[in-house]
Amino acid sequence: VQAFVVEDAGGKQIVWMGCDFCLVRAVVVDRIKSQIERRYGIPPEAVCINSSHTHSAPPLTVWEAVQPDHFDQKYSDRVIDEAVAVVGAAISRLQPARVRYVTDRCQVGINRRLGRAGSVRMLPNPDGVVDHRVQVVVAESVETGKLIGVAVKYACHPVTVVNLGLGSDYPGHMRKIFEERHPGAVAVFLQGCGGDVRIRVVNEDMTDWISGSFAAAERFGREL
């Protein structure tokens, strides 16, 4: 879990939170937001909680567990506690900053719905609709000019390494690479409208999917 907190001149704060989970249900969102409001005074409507939709994450509620015994309540409770604490950590690091917005393009995603013979198949569709925009909000320290935080929004399923273990897939690599380049800065990934978009793990003629790898996930993260 990562958090990007912005405070205006009047003291009002907003939170963008990124989470490396397939989904975050309302029951979890409500617990996190209510605790943030109680502890830091930030109202629920000022908190955006965004799940990266990685398919390599443990469940936060029993409803999305493949088997009931795959769900660990203690783990889920810890995630919620840590999510609230991350916001507190971000607030403690508030400093005067310039906030900038920029867009660019990235093509690690490919449309995954192909129409054939009157039906739609889950296959690569190079001509399908994809939002290739990378939308970036970056904060620069007024005092030093250095980057202190970035929120990166991109629309694409993080499914490079499904079935290879637990992890954040390409968004995690993107954050790691950014934070290594800018020591002390924090990167937040925000998943966009990627329901029809899958990571570009395809064969040479782009007619079918191939098995992903950790190396591919890192490559896509670096590209983003």
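## Report on a predicted structure

His132 lies in the loop that links β7 (119-121) to β8 (133-141). Helices (H or I, at least four residues) and strands (E, at least two) are DSSP runs, numbered from the N terminus. The model is predicted, with local features needing pLDDT of at least 70 and side-chain atom pairs counting only at pLDDT 80 or more, while totals for chains, interfaces and linings use all residues. Residues are numbered from 1 along each chain as its sequence is written, and side-chain values use heavy atoms, with hydrogens and water left out.

His132 has a relative accessible area of 14% and is therefore buried (under 20% relative accessible area; exposed is over 50%, and partly exposed in between, with a 1.4 Å probe and protein chains only). Apart from neighbours within four places in sequence, His132 is in contact (heavy atoms within 4.5 Å) with Asp104, Arg105, Cys106, Gln107, Gly109 and Tyr154.

### Cysteines

A disulfide is a pair of cysteine sulfur atoms within 2.5 Å, and by this rule the count is 0. Two cysteines illustrate the result.

### Sheet and helices

An open sheet is formed by 3 strands in the order β1-β2-β3, with mixed pairing. Its edge strands, β1 (2-7) and β3 (47-51), each pair on one side only. Direction ignored, neighbouring strands of this sheet are turned by 10 degrees against each other on average. Two strands pair if DSSP finds at least two bridges between them. β1 and β2 (residues 13-19) run antiparallel and are joined by 6 bridges; Val5 has Val15 in β2 as its bridge partner.

Helix α1 (residues 26-40) lies across β2 and β3, at about 145 degrees to β3. Axes are lines fitted to C-alpha atoms, for helices over the stretch in contact, and angles run from 0 to 180 degrees between N-to-C directions.

α1 also packs with helix α2 (residues 73-92) at an angle of about 40 degrees, their axes being 10 Å apart. The two helices are therefore oblique to each other (angles under 35 degrees count as roughly parallel, over 145 as roughly antiparallel, 65 to 115 as roughly perpendicular and the rest as oblique). The α1 residues that meet α2 include Val28, Ile32 and Ile36, and those of α2 that meet α1 include Ile80, Val84 and Val87.
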